[in-house]
Amino acid sequence: MTVAGAVIDSLKSGQLIRQTALSLVNVGIGFLLAIFICIPFGLVIGTYYKIFEKSLMPFLRMCEKINPFALFPVFMILFGIGHLEKVMVVLWVSQWPLLFNTIDGVRNLDVTIIKSARSMGARKGNFLLKVIVPMTLPYIFTGVKQSVQLAFFMIIASEMVGANEGLGWQFFSANMAYNVPMMFGIIIYVTVLAIIINVLFTKIEKWFSVWKQSTF
Amino acid sequence: MAITRNTKLIIGGIVVLAVIVGIGVDFLSGQKGQPSSTTAGGSKELAEIRTYTRTDCGITPYLVADQKGFFAEEGLKLVYTGTVAYPQQLASVLNGNNDIGDAHPNELAMFIKGGAKVKGVSRDDLEPIDEVNAEYRHMKYFVSKDSAIKSWKDIQNYKVGQQILINGTIPSCTTFVPSNIFDRYNLDRNRLKFVTFDSDQQALQAVTQGDIDIAQVHPPYYNLAKEIGLVQIGDSFDAGLGAATGVALYYFPDKYIAEHPDRVQAFVRAITKAQIWANQSQNRKEAAEITAKALNVNSTGTHYYAFDTSIPEEQIQPWLDDLVYGGFLKEGELAVADIITHQFEDPSVK
């Protein structure tokens, strides 16, 4: 059987679609949680709580550097082996690019625009929503694209241990059964999915940042 | 002449690179794996035979054959090449990093079906069929002390309509044995949902936490399961397939068999002698201690091993039948003769 044949058979039987859906649900939930927690957190501490940010940053950077593969057994102890554990793994890896890129975005805002906004009487709420957030969007989207790639990468890895479903589990099962066409088929399929996700988020970024021109 | 900053950086970079290359060359030149502990007194050239380091009871025959001199007797020197994760073990044999692998018949059948050119040459584990050796069953089954399951029959009314979570990887002994146990006790084997884990210890942790319903473990983790308060509900013999339930095979690449039949024969003789030694009641404790020391675990136990070099086909057939039943093989796609060879059977070894 060829690689394409193995993928097509799996698609036709619904197995690949089902496992894709399961993996994407876990990625989606974990990633959305990361967005809703980390972007506001990054904006607030980057803008208003610089001392808090400075004192916390070394610890956060250390947490970012912990190898997530080494944390799998810890997550299994804390959250079991079901969907919650997979979501938490995704949340763990995707939060760091979002948080740090958001903070970097706030740090690198154009001072002239900040001063202009303040001189025009922008209050805290308006200042954050109408100045900080739009200007930080390019950085946030850099973090979003990095996070979503990491999330997708890690869900495949985490589904190879303590799992009974998902794309990672399907790859592992094909590997164990020495089903080489299916193994390579899933590798290519996952790569294509990752590319689609990246293209999708690039388009979303362009839609949000429609006001921003490319430099080149 | 004053040395500029750039020059200093370049010199520093060259020094660092030279150190890295030197370390790399030293590392690679020493990367032939751990030498075995016995030699034939230096008077006879020993043929090296390489295998991955096992982190389970499968290592016992190798350790015994190595430490008791059975390999040296047959002119072999075992070289451990390091731990290889299970999914990569076949690849390590096919690409020549290792000479031997071991697998259950269903795994070996899937390898061969997938195009791997390997053959089973001798039996490894075996299920003891007498009560004397009952503690050496291939696998034992544990549940948490709070579980409503106290025996296989309790599963009939347990989590009705839901799946029973158990550690396992398709296809292996962890799927073959419980599926056949369920068949024997008139339970629906499709209720079994296999959850992959890296090790038996993770499965024990998962059942303690309630993440899975049943943990199936191999030696030497039986005592560990009891120490952490788990309750045994059965063992692999409950599948009702006799000695076949525990059978595993040593396999070599076809090319290696064709080029070095003498070494394969020597290996089969040596490992079988080691297995016969390990099976003897007076040697059991020592075999378990050797294994526990190698694996750095407190709990001890070993398998029961094949006591001769024969490969009775009736012990292999149920594994292939189960693959057909599970849809992994078509009827008649692979016969026992496709996955094993009787070429190395030696009746003088017993």
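A: In this predicted model, chain B contains an open sheet of three strands in the order 10-7-11, with antiparallel pairing. Strand 10 (215-217) and strand 11 (231-235) of chain B form the edges, each pairing on one side only. Averaged over the sheet and with direction ignored, neighbouring strands are turned by 30 degrees against each other. In general, strands of a sheet pair through backbone hydrogen bonds, in either a parallel or an antiparallel manner.

The pairing of strand 7 with strand 10 can be described in detail. Strand 7 of chain B covers residues 140-143 and is joined to strand 10 of chain B by three bridges, the two strands running antiparallel. Within this pair, B:Phe142 stands opposite B:Ala215 of strand 10. A helix also covers this part of the sheet: helix 7 of chain B (residues 200-209) lies across strand 7 and strand 10 of chain B. The direction of helix 7 of chain B is at about 155 degrees to that of strand 10 of chain B.

Where the domains of chain B meet, domain 1 supplies 26 residues and domain 2 supplies 21 residues. On the side of domain 1 of chain B that touches domain 2, the elements giving two or more residues are helix 5 (105-113), helix 11 (281-295) and helix 12 (313-325) of chain B. Helix 11 of chain B gives the most to that side, with four residues. By class, the side of domain 1 of chain B that touches domain 2 has ten nonpolar, eleven polar and five charged residues.

One local backbone feature of chain B also deserves mention. The peptide bond between B:Ile170 and B:Pro171 is cis, with omega about -15 degrees. B:Pro171 is placed in the loop between strand 8 (164-167) and helix 6 (173-184) of chain B.

From chain B, the account passes to chain A. The contact of the two chains takes 16 residues from chain A and 20 residues from chain B. On the side of chain A that touches chain B, helix 8 of chain A (residues 167-176) gives the most, with five residues. The residues of that side of chain A comprise ten nonpolar, six polar and no charged. Chain A itself has nine helices and zero strands, and its C-alpha atoms fill a box of roughly 70 × 40 × 25 Å along the principal axes.

With helix 9 of chain A (residues 180-208), helix 8 of chain A packs at an angle of about 155 degrees, the axes being 8 Å apart. Helix 8 of chain A is therefore roughly antiparallel to helix 9 of chain A. The crossing of helix 8 of chain A with helix 9 of chain A is left-handed. From helix 8 of chain A, the contact uses A:Leu167, A:Gln170, A:Phe171, A:Ala174 and A:Asn175, and from helix 9 of chain A it uses A:Met182, A:Met183, A:Ile186 and A:Val190. By class, this contact of helix 8 with helix 9 of chain A has seven nonpolar, two polar and no charged residues.

Helix 7 of chain A (residues 124-158) also packs against helix 8 of chain A, at an angle of about 45 degrees and with the axes 6 Å apart. Helix 7 and helix 8 of chain A are therefore oblique to each other, and their crossing is right-handed. Here A:Ile155, A:Ile156, A:Ala157 and A:Ser158 of helix 7 of chain A meet A:Leu167, A:Gly168 and A:Phe171 of helix 8 of chain A. The residues of the contact of helix 7 with helix 8 of chain A divide into five nonpolar, two polar and no charged.

The loop between helix 8 and helix 9 of chain A contains A:Tyr178. Although A:Tyr178 is not a glycine, its phi is positive, at about 50 degrees. Most residues other than glycine have a negative phi, and most peptide bonds are trans.

Note on methods
Residues are numbered from 1 along each chain as its sequence is written. Chains are lettered from A and ligands numbered from 1 in the order in which they are written. This is a predicted model: local features need pLDDT of at least 70, side-chain atom pairs count only at pLDDT 80 or more; totals for chains, interfaces and linings use all residues. Two strands pair if DSSP finds at least two bridges between them. Axes are lines fitted to C-alpha atoms, for helices over the stretch in contact, and angles run from 0 to 180 degrees between N-to-C directions. Two residues are in contact if their C-beta atoms, placed from the backbone, lie within 7 Å. Ala, Val, Leu, Ile, Met, Phe, Trp, Tyr, Cys and Pro count as nonpolar, Asp, Glu, Lys and Arg as charged, and the others, Gly among them, as polar. Angles under 35 degrees count as roughly parallel, over 145 as roughly antiparallel, 65 to 115 as roughly perpendicular and the rest as oblique. A crossing is left-handed if the near helix is turned anticlockwise from the far one by less than a right angle, and right-handed if clockwise.
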